[in-house]
Structures are given as C-alpha cells and as structure tokens.
Amino acid sequence: MRTVRVVGLLPCRPVTAPGKTDPPLRRSLGQHHLRRAESATPALDFLDVSGRTVIEVGPGGGVLTRLLLKRGASRVIACELDPSWAFALRRRLTDRRVRLAIGDACDLGYERAPVAVRIAGNLPYNVATRIVSRVLERGPVGLRSAFLVQREVADRLTAAPGDGAYGALTVLTQARAAASRLAVVMPGSFVPPPAVTSAFVGLERIEPPIAEEEWADFKALVRTAFRHRRKTLLNNLVAVMDRPAAAEVISLLGLPPKIRAEALALGQFVELFRSVELLTRI
C-alpha cells in the first residue's frame, strides 16, 4: 500500500455533515460537472492510482472520485470550493476512503505533497492555468497529475516550437514537467455542456534546468520574449535591455536576426537566459 501522510497539505475545513439535496450549479464558479466516466480512462491510466493517495481538485458531482476509488485509490482527498456541493457530495460518497474538504485549490500546500501522491481534477476554466502553475512550481520532482482543462489550454501546455499554441505558458510548463494531452472531451460529457471542447492533460514534474533562485528572472524573460507575438525576439527584448546588447545575444546564440520567440525550444530559452544574465552583469 502506498498510503502516505499529507499533514499540512490541506488548509481546508473538513466536511462531516451530509447534504440533503443537490444544489444548483453556479456559473460564477465555472461549474461544469463531468457526467461521462469513459472520457477519463486515459487520465486514470496515466495516473496509476492503485494503492495511492489522490488529491482531487473540484470533485463536482463525484464522477471522477468514484472512478479513482474503482481504480483502487487508497484514499481520495477531495477539495471543493463550493460548500453546498461539498455537503451534497458527503451524502453521495459514503466510501470511507473519501475525505471531503471545503477550500480553494489555489491555496493547497502542494510543496508538502509526497511524490507518491497523485493529483487530479476537472478544473474551472478561469483558474486552470493558475492551479497548474501552482502544482508545477510547488510540487516535488516526480509528482504526477492529470487535469481536465479547456482544450485550448491543453494545446498550450503541450505545444511544440512553431505551433500556433506555443507560448510563454508552454515554455514555463515544459521547464518543470513532461506534459502530454491524454484525451479530448466533448461538451456533451458535462452538465451543463460548456461552449468549448475540453481535454485531459498529464503532467509529471521534472528537474527544471533553472535553479529555484533564478526562476522568477527566467519567467520574466520568457514572458518578455512573447510579449508581442507579431514582433521579433529582438524587438521584444529591447523592453529589458538596449538594442545592441539584445542583438549581440541573438547573434551569439547563432539565431537569425528576425527570429520570433515561438521558434525557440526550451533549451534555447535557457541559453538565452544565461547569455542575458551574463551581459547584464558586465
């Protein structure tokens, strides 16, 4: 059994009382509950939850929760922001392996999550990238997670250089995780159906090529490089350094003068960062 302690991970209020009826779904919270279980199969295969503790973000109607239990999760800690649904789920989910708590997933102590833990969830579209970023910036190397997000976000997380979806989010994600799109989920798999298509994305934390103390500066440089997508890398870099220095950096890396940020792979961004750091210290 891989049951592990997660002390300090959930600054949430446990849910002990059962709900009486299912509450209405709240558009303000981006609630689109998963209703078709088969769409989650590739995500469950990726997570390999048997005998593991799983932190579920936004359990909604409990469809994914039940699948995690069916796959043999030793414990599911389900964090729900909406108190009314948390109480309703306490009535629905009587399995002793489930712990329900009321709280914001953005505030969870992911840095305290043991590597053996798995994280899963159907994320509200308006906070999906924020939660993914928190998991990747705080979680330990080796931590595996699978999230259901808007397909556009999944494309951005998993894009390759030159793809239309490739951008700062892609680079920053892939600097910390091996990311893969696991499955496309159509609107009819939700209640109520959203106006867009969704997708499961799998993420496994890796050792980043940038030290933690340098991460904020690396993030700022990557975002600067993509600030205006129609501009060249050179024209974006002049926001943080003078033009001759920016041109020198690009030349030293053997890049074409008119190259754009979306053509650079992660390794080239690391080289760019090192070169910029070196020039600014001179």
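Predicted model: local features only at pLDDT ≥ 70, side-chain atom pairs only at ≥ 80, totals over all residues.

Reader: To start with the largest cavity, which elements each supply at least two residues of its lining?

Author: The elements you are asking about are β2 (33-34) and α2 (63-70), each of which supplies at least two residues of the lining of the largest cavity. You can find these residues yourself: H33 and L34 are part of the lining, and so are V63 and L64. The rest of the lining is made up of E56, G58, P59, G60, G61 and N122. Sorted by class, the lining of this cavity has four nonpolar residues, five polar ones and one charged one. As for volume, the largest cavity comes to about 50 Å³. With a cut-off of 30 Å³ or more, the count is one cavity.

Now let's turn to an open space, the second largest pocket, with a volume of about 180 Å³. The largest share belongs to α6, with four residues. To trace the lining in the structure, look for S133, L136 and E137, then A168, L169, L172 and T173, then R176, and finally W215, K219 and R223. By class, this pocket's lining has five nonpolar, two polar and four charged residues.

Note on methods:
Residues numbered from 1 in each chain as written. Heavy atoms only, no water. 1 Å grid on protein atoms, 1.4 Å probe; cavity = no way out; pocket = protein on both sides within 12 Å on 5 of 7 lines; lining within 4 Å. Points joined across faces, edges and corners; volume = space filled by probe spheres on them. Nonpolar A, V, L, I, M, F, W, Y, C, P; charged D, E, K, R; others polar.
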